[in-house]
Amino acid sequence: MDIKKSLKSFITSELIQGNNNINLNDSQSLIEEGIIDSLGILKLMSFIEDTFSVKIKDADLTPENFSTPQSIADFITQRAIHI
Amino acid sequence: MDFSLNGTQISMKDSITKFAHNELNNDLINNDEKSLFPSSNWKKCAQMGLLGLPISEDYGGVNEDLLTTAIAIEALGYGCRDSGLVHAIVTQILCALQIALFGNDFQKQNYLPKICKGEMICAQAITEPDAGSDALAMRTKAEKLNGQYVINGSKMFISNAPIADTVLVFALTNPERKKFGGISCFIVEKGLEGFICGKPLDKMGLRTLQNGELVFDECVIPLDNLVGVEGQGSIIFNETLQLERTLLFASHLGTMQRIIEVCIKYAKERHQFGQPIGKFQSVSNKIADMKVSIELGRLILYKSAWLKDQEKRAHLETSITKLFISESLKQACLDAIQIHGGYGYMKEFEIERDLRDSIASTLYSGTSEIHRNIIAALVGL
């Protein structure tokens, strides 16, 4: 599964309402650009856990892990290795 | 699927119900009228181990899981008719959980034993005068200067604030990161220069619970007082809210159980037109609705607690729990007064106090309107 492609598809279709044609790049800051808000992060965490079968622990919940599509994909890959 | 409680849960429920009923219901009307915090009952609850129910034994807690803790708090809400005290206790437990989940080893060792013993009273400060439902739009700032944080701003309606020794304060550390990633959580102790606590606020209900305003004017705290990592505040806030919407509303479920029992007893004893009023459908239907709410509320409450015990996300379930139980409690209190007629309106019967207390449950921890918004968003709207 292409993690980044899947993530970007979810973010554009579920978290950016009305902007389905937006092209996210890997290093785009989801937080500072206001793409992910507090409710969006809840949806994203559930999506990651359900889709990639990874467990997000409380200590993992840092802005750094969720700042860009690349950092989220890196986090998922790292977590998947540890399963 | 097994809906039965285990032996520990049954015995804990029984013992807390008896303890609360026998030890915590003194001076209720007087304390309510004068807004007095029942310090002696707080100490009894600490001795009973209630303040550290879900905290590890390593730090002086009881080490129960969240479901068992919810069942224990439900019993407390049932047996104790002082909802303000119960709210203060749950606030204390939630502060302890935040430190247990996100604090470092030093913070856990330094604060948790005192919190579990009740020697240190805690509050969490999120809401501000201009940031209520939009809590993360807070303006209180914590700037890193010369190896310390300097906090400026104010917090409003903070439960336990006037009596708190320690406050978990949420403040902006990076305004450019907006709501997510720009907020951090700090431990601030009473007595620090620039940390001012206002007088207890005069409220409609929950009058034994002490709520107040906090002002931070160039309040300097060490870097070590940061909980978790910088920018993790909104995540701590979101995680804590799931616990709050489970544990606090477990107590309200217990309150509803007490109210229905009072109503059933009265509906059997009170005769009008030659028969018990419970024989009239206009009365019995109200009690039937209470029973439906209690049973459904308990199912979603226990599911929320179970999900958190499985370390799963439960934003949707805890939001439903909060919305359903708070609105059900308010309706049950209104119906209880209606069933009791003029007597229900009298302070002596204590139902009017339950109604006044219940109103706040539809406001704190997210208003009912906000929860409908959250639920709608989480189902994809």
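This is a predicted model: local features need pLDDT of at least 70, side-chain atom pairs count only at pLDDT 80 or more; totals for chains, interfaces and linings use all residues.
## Ground rules

Residues are numbered from 1 along each chain as its sequence is written, and chains are lettered from A in the order in which they are written. Local features need pLDDT of at least 70, side-chain atom pairs count only at pLDDT 80 or more, totals for chains, interfaces and linings use all residues, and side-chain values use heavy atoms, leaving out hydrogens and water.

## Where the chains meet

Let's start with the interface. Chain B puts in 24 residues and chain A puts in 23, where contact means heavy atoms within 4.5 Å. Together the two chains bury about 2,000 Å², with 61% of that on carbon and sulfur atoms. Buried area here is the accessible area (1.4 Å probe) lost on putting two parts together, summed over both.

There is 1 salt bridge between the chains: A:Glu49 pairs with B:Arg313, their closest N and O atoms being 3.3 Å apart. To count, a side-chain nitrogen of Lys or Arg must be within 4 Å of a carboxyl oxygen of Asp or Glu. On chain B's side, α5, α7 and α11 (368–378) each supply at least two of the residues that touch chain A. Helices are DSSP runs (H or I, at least four residues), numbered from the N terminus.

## A helix pair in chain B

Now for α5 (residues 83–102) and α7 (residues 233–269) of chain B: their axes come within 10 Å and cross at roughly 145 degrees. Axes are lines fitted to C-alpha atoms over the stretch in contact, with angles from 0 to 180 degrees between N-to-C directions.

Among the residues that meet are B:Val90 and B:Leu94 from α5(B), and B:Leu243 and B:Leu247 from α7(B). This contact has 11 nonpolar, 4 polar and 2 charged residues. Ala, Val, Leu, Ile, Met, Phe, Trp, Tyr, Cys and Pro count as nonpolar, Asp, Glu, Lys and Arg as charged, and the others, Gly among them, as polar.

## A helix pair in chain A

Over in chain A, α1 (residues 3–15) and α2 (residues 38–52) pack at about 140 degrees, their axes 11 Å apart. The contact includes A:Phe10 of α1(A) and A:Phe47 of α2(A). By class, its residues divide into 9 nonpolar, 3 polar and 2 charged.
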